[in-house]
Amino acid sequence: MTPYAIYALKRLGQFALVVFIGINLTYLITHATPIDPVEQTVAAATSFGSTSPEAIAMLRDSLRALYGVGDSPWTQYLVFWKRVAVGDFGPSLSAFPTPVATLIGRALPWTVGLLSVSTILAFLIGNLLGGLAGYYRESRALKLAGIVAMALHPIPYYIVAFAVLIVFGYLWPVLPISGGYRINTAWGFNRDFILSIASHAILPVTSLVLVGIGGWFLGMRSLVSNVVTEDYVTYAELAGVKRSRILWSYVMRNALSPQVTALAMSLGSIFNGAIITEQVFGYPGIGSLLIAAVHAGDYSLVIGIASVSILAVSAAVLIIDLTYPLLDPRVQVT
Amino acid sequence: MSAGAPQPHAVPQAQDERVLAVSDLRAWYQTRHFGVSREVRAVDGVSLQVARGEIYGLAGESSCGKSTLVKTIARAIRPPLHVVGGTVRFRFAGRERDIYALSQAELARMRWRHLSYILQGSMNVLNPVRRVRQSFVDFAYPHLDQPMPEFLALVEAHLARIRLDPAVLDSYPHALSGGMRQRVTIALASVCRPDFIIADEPTTALDVVVQKDVLGMLRAVQREIRSSMILVTHDIGVHAHVADRIGIMYAGRLVEEGPTRDVLRKARHPYTAHLVASLPRIGDDTPKQSLEGAPPNLADPPPGCRFHPRCPLATDICRKEAPPLIDVAAAHRAACWVTAPPAQHAAPGAAA
Amino acid sequence: MLTVLRDLFRYRFEFRLGAILTGCIVAFAALSFVSPYPPQDQFVVPPDLPPSSPYWFGTTSRGQEVFWQLSFAIRNTMLFGFAVAILSRLIAVAVGLWSGYRGGLADRVLMSLNDTFIVIPLFPLLVLFYFVLRDNMSWPLLALAMASLGWAYDARLIRAVALSLKTREFTQQGVFSGMRASEIVTQEHLPYVLPIVFYTTMNNMTWSIGLEVTLSVLGFTNIDTPTVGVMIYWANQHTALVAGIWWWIAFPVLFVVILFIGLFLLAVAMNEYIDPRSRLARMGGATP
């Protein structure tokens with residue numbers, strides 16, 4: 001077996017472990033309450049007013065089946081896992097009888113789009129500026145950028161999103177502050193729709209990028225100032241290799257490898273930030289869906305979103321892990 | 001230069017034979033951290049010359065300043081290390097120039113084409129994320145003025161000539177053994193046929209068998225391209241094997257210098273004598289005496305001769321004034337009040 | 001360790017600034033003990049007044065003075081963050097040191113577990129936690145939940161320090177000269193471990209306070225106890241911004257941002273101290 005195959009298997013194993021522990025945690029938490037979740041949910045559902053008895057029965061049965069209330073603990077556990085495996089979380093309570101899976105399916109692309117664009121932008125811009133700052137230590141402009149990064153980095157996602165909302169919602173309302181696209185625009189690959197998606201995405205993306213950039217900048221700057229003292233950089237300088245070539249081929253390329261690892265590790269917290277940012281901007285991703293579900297007492301939807309989040313983030317980490325050896329050839333020799 | 005036993009040179013060296021002239025070079029570390037100022041005099045007044053085609057060995061224990069000296073000679077130093085005094089003049093393509101007076105562009109043109117370097121501890125000197133071939137392209141291609149296919153053919157021919165498998169070009173550095181990496185570095189440093197090669201501890205991290213191999217390769221390469229070399233190592237055995245002339249450093253200063261045979265057989269300075277005496281010889285089982293004390297703290301060196309706290313011959317003047325480096329025999333200099341007192345010197349003119 | 005802190009304060013601008021900022025916030029929080037109004041009381045002052053004398057930070061729509069509410073809020077938020085940081089230190093230090101020192105199978109198993117907790121997005125889990133507990137969720141319970149989920153990142157850093165200490169010469173010397181493991185750890189290693197623990201504590205506090213603010217703003221915590229997040233929650237409930245009562249939100253946000261920057265600067269300064277290259281540059285400072 002090639003070294004890469006061994007490495008890939010190990011990463012897959014880790015992925016399986018993460019999913020296993022994550023879903024188990026979800027299961028544990030849902031059973032942490034002394035209250036019967038099924039009855040609580042049914043009670044909450046019927047309190048909304050007129051729900052037909054058939055609907056209530058269907059809800060109760062589905063919830064019972066999902067959480068196996070009444071069966072032995074082991075059966076409950078197995079049934080839960082079976083459901084997660086096929087993605088069947090039952091019907092949503094707040095949007096009865098739409099299945100949870102459908103709701104999540106509608107919202108997930110928005111979140112994936114938002115996250116990918118902001119993460120890539122923050123990663124590229126932050127690392128680029130940070131790398132230059134680490135290499136050209138005398139540059140005043142880059143030193144200033146460093147101070148800005150230090151000031152932005154510790155501020156939590158909510159506050160930055162809120163600040164962006166205030167600035168563009170009240171002080172300078174040039175961009176839409178809620179929704180994923182302009183209502184009454186026809187779906188499809190037409191110019192109006194794509195433009196409206198873009199304009200509605202600008203603020204949430206800006207908010208996420210502002211928070212993320214600081215961390216990448218500071219990390220890359222520190223990495224680069226270490227790499228610059230490595231033997232192979234000193235040697236290239238001794239050989240008179242052009243400064244620009246050293247910067248890109250020797251310094252940046254080597255400093256980027258640990259940053260990709262850091263990217264994999266930080267996907268979890270970037271996801272957390274995306275949830276709250278969606279809420280602030282009313283962006284129709286699974287973040288907003290989660291918050292709405294909690295407020296509506298929609299048990300199945302909350303569990304569904306929690307499970308899908310775990311799966312999605314772990315899968316993204318797995319993808320990054322599998323492409324990492326392309327960046328750093330040393331990894332294969334383990 | 002004849003192949004075989006090294007020959008002594010007449011002093012002073014004629015100007016056009018001289019490739020490197022270092023004059024009273026001083027390089028100090030100057031730092032200020034957490035309110036504490038420190039000045040470490042790593043190189044404190046060194047003068048030496050290297051002739052065309054000659055291998056000059058630089059010896060001394062760790063932290064005596066020899067690595068710092070060659071880095072300073074190659075203008076490869078960074079703050080907090082600064083040149084505080086002295087000059088370093090190279091003679092390339094018929095012109096003698098001070099390396100510190102060159103512009104960045106001239107310096108870049110000179111590097112690798114005229115002056116190359118074999119770095120200490122070559123475990124990590126090649127870019128880990130690129131194949132070896134790329135290092136050759138980065139370092140040598142800009143200087144050799146050839147289209148890429150011809151250049152690569154040239155590199156492969158060079159490797160073949162020094163008996164390195166050209167397949168090594170396709171490997172990543174971490175896939176090669178230590179000895180292999182060192183050989184690649186030697187090939188890399190010699191591919192442009194430079195006038196001067198600085199080799200800093202080229203065999204230190206290798207085991208003895210590989211050492212012999214690599215040294216042989218180094219000598220073969222140097223003879224083939226007829227470059228001058230400064231070879232830095234604490235291992236006197238290596239110098240005996242390879243160096244034409246040898247210079248002994250102690251605490252940032254040269255204490256003795258001369259043709260290798262003369263210095264090793266007829267050492268004048270007490271430190272050199274001790275170094276030579278402590279070399280193991282087959283069949284010799286007399287106990288070796290170690291020197292008392294430790295090398296001095298270069299932030300606060302002892303006054304006068306820096307060796308005096310550990311020297312068995314130390315006298316009053318040794319503690320007060322530093323002895324000058326003077327000729328004691330043909331092309332052989334030493335700095336000691338006791339074994340090489342100034343009134344005794346016979347050769348005309350002090351060493352430059 | 002105390003000399004380290006003193007030196008850092010004297011010579012590093014970032015540490016000084018961080019300490020001053022954090023100190024101001026702590027002082028402000030301490031003022032809560034002399035507040036003229038109990039924190040839960042409403043309508044003790046005229047509502048919706050802008051900042052002016054005698055209400056320097058203005059008043060809220062619930063008839064509370066922003067100044068005193070905020071001092072309680074900061075106090076509770078900081079206590080919460082501190083509690084989470086301390087609790088998760090226990091796990092992080094235990095896992096990090098055990099993994100680093102033991103190595104081998106224990107290390108691999110613990111690190112697999114560790115990486116799991118780094119990857120899993122914690123926010124959905126905490127939201128789920130709130131969802132099932134609802135009104136039964138208390139601050140101590142939330143602190144416990146966050147501490148048992150948020151130790152992983154720090155454990156890795158501590159493990160790195162333990163790994164490097166294990167192979168250092170002075171450790172081998174200690175072992176060979178017959179020192180017991182506990183002696184080695186307390187006498188030789190502690191000066192190296194404490195700074196990283198300090199650094200991770202500052203970081204963890206930033207993380208947990210950020211998470212508290214986020215959860216509270218959404219109303220997912222006990223909204224009767226004033227914390228920074230809860231204050232913003234109530235301000236949003238009363239549509240403070242639209243109504244023009246900007247001071248109800250501005251001051252909590254301002255103070256918590258100052259707190260974050262202060263903690264972050266402390267962590268950064270400590271991190272630079274830990275960096276081995278800057279230590280080498282410092283080491284020659286001994287008097288002759």
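Guide: Start with one term. Helices (H or I, at least four residues) and strands (E, at least two) are DSSP runs, numbered from the N terminus. By that rule, chain C reads α-α-α-α-α-α-α-α-α-α-α-α-α along its sequence. This is a predicted model, where local features need pLDDT of at least 70, side-chain atom pairs count only at pLDDT 80 or more, and totals for chains, interfaces and linings use all residues. Residues are numbered from 1 along each chain as its sequence is written, while chains are lettered from A and ligands numbered from 1 in the order in which they are written.

Visitor: How many helices and strands does chain C have?

Guide: Chain C has 13 helices and 0 strands. Its C-alpha atoms fill a box of roughly 75 × 50 × 30 Å along the principal axes.

Visitor: Why is helix α10 of chain C called largely enclosed?

Guide: Count its residues. Helix α10 (residues 228–237) of chain C has 8 of 10 buried, so the rest of the structure largely encloses it. Among the buried ones are Val228(C), Met231(C), Tyr233(C) and Trp234(C).

Visitor: What covers the buried residues of α10(C)?

Guide: The cover includes α3 (66–102), α9 (181–217), α11 (240–243) and α12 of chain C. After α10(C) comes Thr239(C), with a positive phi near 40 degrees.

Visitor: How do you know which residues join α2(C) to α12(C)?

Guide: First, the geometry. The axes of helix α2 (residues 13–30) of chain C and helix α12 (residues 247–274) of chain C come within 7 Å and cross at roughly 145 degrees. Axes are lines fitted to C-alpha atoms, for helices over the stretch in contact, and angles run from 0 to 180 degrees between N-to-C directions. Contact means that two C-beta atoms, placed from the backbone, lie within 7 Å. The residues in this contact include Phe15(C) and Leu21(C) of α2(C), and Phe255(C) and Leu263(C) of α12(C).

Visitor: What is the make-up of that contact by class?

Guide: It has 14 nonpolar, 3 polar and 1 charged residues. The nonpolar class is Ala, Val, Leu, Ile, Met, Phe, Trp, Tyr, Cys and Pro; Asp, Glu, Lys and Arg are charged; the others, Gly among them, are polar.

Visitor: How many residues of chain A are in contact with chain C?

Guide: 38 residues of chain A are in contact with 30 residues of chain C. On the chain A side, α1 (3–30), α7 (157–171), α10 (243–281), α11 (286–295) and α12 (299–327) each supply at least two residues. That side has 27 nonpolar, 11 polar and no charged residues.

Visitor: How many helices and strands does chain A have?

Guide: Chain A has 12 helices and 0 strands. Its C-alpha trace spans about 80 × 60 × 40 Å along the principal axes. Of its 334 residues, 44% count as buried.

Visitor: Now to chain B. What order do the strands of its sheet have?

Guide: This open sheet has 8 strands in the order β6-β7-β8-β3-β9-β10-β12-β11 (chain B), with mixed pairing.

Visitor: Why do β6(B) and β11(B) stand at the edges?

Guide: β6 (115–118) and β11 (326–329) of chain B each have a single partner strand, so one side of each lacks a neighbour in the sheet. Two strands pair if DSSP finds at least two bridges between them. β11(B) has 3 bridges to β12 (residues 332–334) of chain B, and the two run antiparallel. One facing pair is Ile326(B) and Ala334(B).

Visitor: What does β3(B) pair with, and in which sense?

Guide: β3(B) pairs with β8 (residues 228–232) of chain B in the parallel sense over 4 bridges. Another 4 bridges join β3(B) to β9(B), also in parallel. Gly57(B) has Leu231(B) as its bridge partner in β8(B) and Ile246(B) in β9(B).

Visitor: Is β3(B) buried or exposed?

Guide: Mostly covered: 5 of the 5 residues of β3 (residues 55–59) of chain B are buried. Ile55(B), Gly57(B) and Ala59(B) lie on one side, with Tyr56(B) and Leu58(B) on the other.

Technical notes
Buried ≥ 20, exposed ≤ 12 C-beta atoms within 10 Å, placed from the backbone.
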